[in-house]
Amino acid sequence: MQQLCRQDAISRIDALYAERTPFLFIIDYDGSRAYVEPVADVDAAECMFDFGGTGNGAGKRRRRPSAPQWGYTPESLDDYRRGFDTVVSNIKAGNSYLVNYTCRVPLETDMTLLEMFLCADARYRLWLKDRFVCFSPESFVRIDGGVIRSYPMKGTASLSKPGAERELMDNVKEAAEHATIVDLIRNDLSMVAGNVRVARYRYCERIDTNRGPICQTSSEICGDLLPGYGRRMGQILFSLLPAGSITGAPKRKTMEIISRAETYERGFYTGVMGYSDGRMVDSAVMIRYVEQGAGGELCFKAGGGITAKSDLLSEYEEMKQKVYVPVY
C-alpha cells in the first residue's frame, strides 16, 4: 500500500466515497501520513482488517491452546514521573484541562503480530505486516444515513475485585475526565454537523483480556451532517483529527504539551483506522497497539488521561493495566 500525505489522502477519500467504492483508511496520530486503499486492492498477505465483522480478516480467528507468554518492561516510576510532572505543571498553569499522556513499553511475548491479530477478540482489528497490530475497543466515528456518531472511551478499571465497576463510576477524577472529553467531542462534531447531542452518557463496557476482565466507560454523541457531506468525506474525517480522547482539551495546546512530555513518536498509534462501503463509514481510534521495530523488537504503546486531580501512582498503574491483548 502506498503512503499518502494529508492532502492526497483527503482527495483520495473524497474520490472513492463519491464513486461508492469500498475502501480502507489508516491515518497516523498527527494526520500527516495515511493509507487509503480500495478494499479490492488490499493484499491479505500484507494487511488484514476486521471492523465489526467486515473486512478481509473477518472470520479469520484462532484460539490459542494456552495462555500467551506476556512480559513487558514499563519505564520506571521516576521516568514516568518526569513526563507526568510536565503534564501536571501545564494543567496547573491553565494550559490544559486534560492531557492524554502515553508511554512506549518494550514487550516480550511468544505471539507474532499476525497471531495477535488472529487471536484477538476486539471489535476493531488491524494488522500491517512487520509494522504493527491494533485491537481497539474504541470507536472513533460512525457515519450512516447522514448521522455521525462518536463513542469516546475514558476511564478503565480491573474487574478483579468486587464492586470495581461501581467504584469506577463513582470516581470523581474519572467522572471529570470523561465529562471533559464528552464536551470536547461535542465541540468537534459541531464543526461538521448540526443538532449535536449526547445520546448516552457514561456507560460501562466489559472487555476480557489475557490478564483478566476490565471495564471501561464510554458515551455516545451524535449529530446530523450538513447537506452535501458526501462530497467532502475526507475533509470531514481529517477535520476531527486527532481524536479528542487521546489528546485532551483544548486540543491544539494539549498536543504541544504532549510533544514535550512524551519521549517517543506516536506514529500510527492513537491514529484512526476505518472502512467505508461507499455509503456508511465505521472507524476506530488506534489504541491497544503493538509495534514492531526494524530489528524485530516489539513494544506496546499505552497511556491515559491526566487531570488536576490525578494521582501519580494511580495513573502509572492504569498505564500498565492497559498493556494487554484480548486473548483469553
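This is a predicted model: local features need pLDDT of at least 70, side-chain atom pairs count only at pLDDT 80 or more; totals for chains, interfaces and linings use all residues.
Residues are numbered from 1 along each chain as its sequence is written, and side-chain values use heavy atoms, with hydrogens and water left out. Local features need pLDDT of at least 70 and side-chain atom pairs count only at pLDDT 80 or more, while totals for chains, interfaces and linings use all residues.

Helices (H or I, at least four residues) and strands (E, at least two) are DSSP runs, numbered from the N terminus. Strand E16 covers residues 281–285. Five of its five residues are buried, so E16 is largely enclosed by the rest of the structure. Buried means under 20% relative accessible area and exposed means over 50%, with partly exposed in between (1.4 Å probe, protein chains only). Val281, Ser283 and Val285 point one way from E16. Asp282 and Ala284 point the other way.

E16 pairs with two strands described here, where pairing requires at least two DSSP bridges between the strands. Strand E15 (residues 272–276) runs antiparallel to E16, and five bridges join them. Ser276 has Val281 of E16 as its bridge partner. The hairpin of E15 and E16 has four residues between the strands. Gly278 in this hairpin takes a positive phi near 105 degrees. E9 also pairs with E16 in the antiparallel sense, over three bridges. Ser139 is bridged to Ala284 of E16.

Helix H7 spans residues 251–261. Its buried residues are Lys251, Thr254, Met255, Ile257, Ile258 and Ala261. They cover an arc of only 160 degrees around the axis, which puts them on the same side of H7. The arc is that of the directions from the helix axis to the C-beta atoms. An α-helix has 3.6 residues a turn, so residues three or four places apart point the same way. Exposed Arg252 and Ser259 sit on the face of H7 turned away from its buried side. The cover over the buried residues includes helix H2 (77–92), strand E6 (98–109), H5 and strand E14 (248–249), with contact meaning heavy atoms within 4.5 Å.

The whole structure holds two cavities of 30 Å³ or more. A cavity is a set of points on a 1 Å grid over the protein atoms alone where a 1.4 Å probe fits but cannot get out, and lining residues have an atom within 4 Å of a point. Grid points are joined across faces, edges and corners, and a volume is the space filled by probe spheres set on the points. The second largest cavity contains about 80 Å³ of space. Of the 15 residues that line it, Phe140, Ser150, Ile185, Ala243 and Gly244 are the closest to its centre. Strand E9 (139–144) and helix H5 (172–190) each supply at least two lining residues.

Terms used: On a 1 Å grid over the protein atoms alone, a cavity is a set of points where a 1.4 Å probe fits but cannot get out, and a pocket is an open set with protein on both sides within 12 Å along at least five of seven lines; lining residues have an atom within 4 Å of a point.
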